[in-house]
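Me: Hi! I have a structure open and would like to walk through it with you. Can we start with the charged pairs?

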Amino acid sequence: MYQRDTSLTTDQKALAVNLDPFKYGSIVEIGAGQEVARRFFKVGAAAGTIAKTMSAYDMAISDDIYGHVHRYVSRDRLLQMLDTEFRQVVDHLTPLRAKNTTFFAYAATVTARSFKQKNECHGWVGIRLQLHPGAPPSDVILHVRMLDNDNVHQADALGILGVNLIYGACFNHEHPEWVIEGLADGLTQERMEVDLIHFSGPHFEEVENRLMNLHLIRSGLTPAVVFNPDGNIVVPGDLFHSKPVMVMRGDYKPVTCIDVDMISAGLKQFSQLAAVDESDIVSLAEMTLSSLLRGDRLDGTDFLARVDLLASLGYTVMISDYVRYFRLRAYLRRYTQKPIGIVLSVREFEVLFDEKFYDSLEGGILEAFGKLFPDNTHVYVYPVRLCAEQGSKLITLANVEVPANLSHLLAHLVENTKLLAVEPVDDSHLCIDAREVLSSLQHHRSDWQNCVPEGVARLIVEKRLLGYDSR
């Protein structure tokens, strides 16, 4: 089995591109200097690779070259840049270059750390390239967050990322996962995040972009990715900016009627907070990466089935690498100071109040809860009714049992409205157990369809999802 070459330095990658006589194009960068172009010039032989470099910093000049756009650091501006630059190199240079030349255009529009303010440092980066001589072009587009504390280091990180992208697109395009993994070469998680990637064009027609974005998490390039109900990947910062957020974590295998009621009940109560405008709420169905893995293997078909079922109900889906809730809260707090709500089943208390779950924290469970509730964050606790064999008992926040030594901690969190009981909208679903539903579904017992929304049942049957077999 072939493996990606991880031994190359940034300069060696740049030189490999420069020494390829058939790759030729332009590099245009707005924001943080011209670090990508500088890398290619520094290693030598760039005259055989680079037709043009440019930085159109002035907005009037930029508009004159690329056309007007409402946001200069945006996907729209990046696409304008790629359109213009790629068309220019192809139109002007095709008659002059060897027939086996493959043309490319690399572009970046970013806002780096400024001299006057500590602004959000992010940007759009992409490459459009021919992967065979004369072929229609294909694109790889990224949204990045720059985490270094000064402009110099941010520019350096962008230079490394740009070289990694150009090299990966040129030489690893047959393995899109390798393109993703290579983006991190020479960088650490403390310097750069890539929270969106999109492959498009004829060469990448078979690429499933949702799986590619999941690979961003697996490669350590981002802790979370978000899909809207249309299945498109969205920039978390754009979605969450200054919005109240309600999130429910689950496996959603499958999404059941009790999941739907939990989200509805949580939203109903969350919207009553004084600081929450109901029309602004971003509600999320969230899954952890660990819940999608079997050992170290990701079942892509299973993952896509779950996302499709949630999307069919109109949910925005978030996949994160955050096992502990306080880390999820900290991630959302990057983007918004509005209230954050987390709705969970009282079943989760078995883990939530398990001190062993927090062994790696110096302050243990107290540190975890301290980080979960430092500000306007609330956890809404949904009840569960035990099955008939267990006495049909209703378990709520008022009577849930936790270890005796933590009972005062539970009482403190309830008394200070950090943990809030949530009333079901429809309590007829309280006995549903998702594990039993999945087992019935996979063994073709008929009772499972009554436990999931009608549209979900229809999709599972039509597309044979999650192991359903009509036989």
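Me: Great, how many salt bridges does the count come to?

Reply: The count comes to 28 salt bridges, where a salt bridge is a side-chain nitrogen of Lys or Arg within 4 Å of a carboxyl oxygen of Asp or Glu. Keep in mind that this is a predicted model, where local features need pLDDT of at least 70, side-chain atom pairs count only at pLDDT 80 or more, and totals for chains, interfaces and linings use all residues. Residues are numbered from 1 along each chain as its sequence is written, and side-chain values use heavy atoms, with hydrogens and water left out.

Me: Okay, what does D20 form a salt bridge with?

Reply: D20 pairs with K23, and their closest N and O atoms are 2.8 Å apart.

Me: Are D20 and K23 buried or exposed?

Reply: Both D20 and K23 are buried. Buried means under 20% relative accessible area, exposed means over 50%, and partly exposed is in between, using a 1.4 Å probe and protein chains only.

Me: What about R71, which residue does it form a salt bridge with?

Reply: R71 forms one with D238, with 3.8 Å between the closest N and O atoms. R71 sits in the loop between α3 and α4 while D238 is in helix α8 (residues 236-240), so this pair ties together parts that are 167 residues apart in sequence. Helices here are DSSP runs of H or I with at least four residues, strands are runs of E with at least two, and both are numbered from the N terminus.

Me: And how accessible are those two?

Reply: R71 is partly exposed, at a relative accessible area of 47%. D238 is partly exposed too, with a value of 44%.

Me: Where does R191 come in, and which residue does it form a salt bridge with?

Reply: R191 forms a salt bridge with D156, the closest N and O atoms being 3.2 Å apart. The two link distant parts of the chain: R191 is in the loop between α6 (176-183) and β6 (192-200), D156 is in helix α5 (residues 151-171), and they are 35 residues apart. R191 counts as buried at 16% relative accessibility, and D156 counts as partly exposed at 22%.

Me: Which residues do shared partners join into a network there?

Reply: Salt bridges that share partners join D11, R39, K42, D148, D156 and R191 into one network.

Me: Switching topic! At what angle do helices α3 and α4 pack?

Reply: Helix α3 (residues 59-66) and helix α4 (residues 75-93) pack at about 55°, and their axes are 9 Å apart. The axes are lines fitted to C-alpha atoms, for helices over the stretch in contact, and the angles run from 0 to 180 degrees between N-to-C directions. That angle makes α3 oblique to α4. As for the cut-offs, under 35 degrees counts as roughly parallel, over 145 as roughly antiparallel, 65 to 115 as roughly perpendicular, and the rest as oblique.

Me: Which residues make the contact?

Reply: From α3 there are S62, D63, I65 and Y66, and from α4 there are R77, Q80, M81, T84 and E85. Contact means heavy atoms within 4.5 Å.

Me: Let's zoom in on S62. Is S62 buried or exposed?

Reply: S62, which lies in helix α3, counts as buried at 2% relative accessibility. Leaving out residues up to four places away in sequence, S62 touches I30, A56, G67 and R77.

Me: Next, where does R306 lie?

Reply: R306 lies in helix α10 (residues 300-312) and is buried, with a relative accessible area of 3%. The backbone oxygen of D251 lies 2.8 Å from a polar atom of the R306 side chain. Not counting residues up to four places away in sequence, R306 touches D251, Y252, K253, M287, S291, L292 and L466.

Me: Last topic, the backbone. What kind of peptide bond joins K253 and P254?

Reply: A cis peptide bond joins K253 and P254, with omega about 0°. P254 is in the loop between β9 (245-249) and α9 (257-270).

Me: Why point that out?

Reply: Most peptide bonds are trans, and most residues other than glycine have a negative phi.

Me: Which phi value does S242 have, then?

Reply: The phi of S242 is near 55°, a positive value in a residue other than glycine. S242 is in the loop between α8 and β9 and is partly exposed, with a relative accessible area of 40%. R464 has a positive phi near 55° as well, and R464 lies in the segment after α16 (454-463).

Technical notes
Polar contact = N/O pair within 3.5 Å; in protein donor to acceptor, adjacent residues only side chain to side chain.
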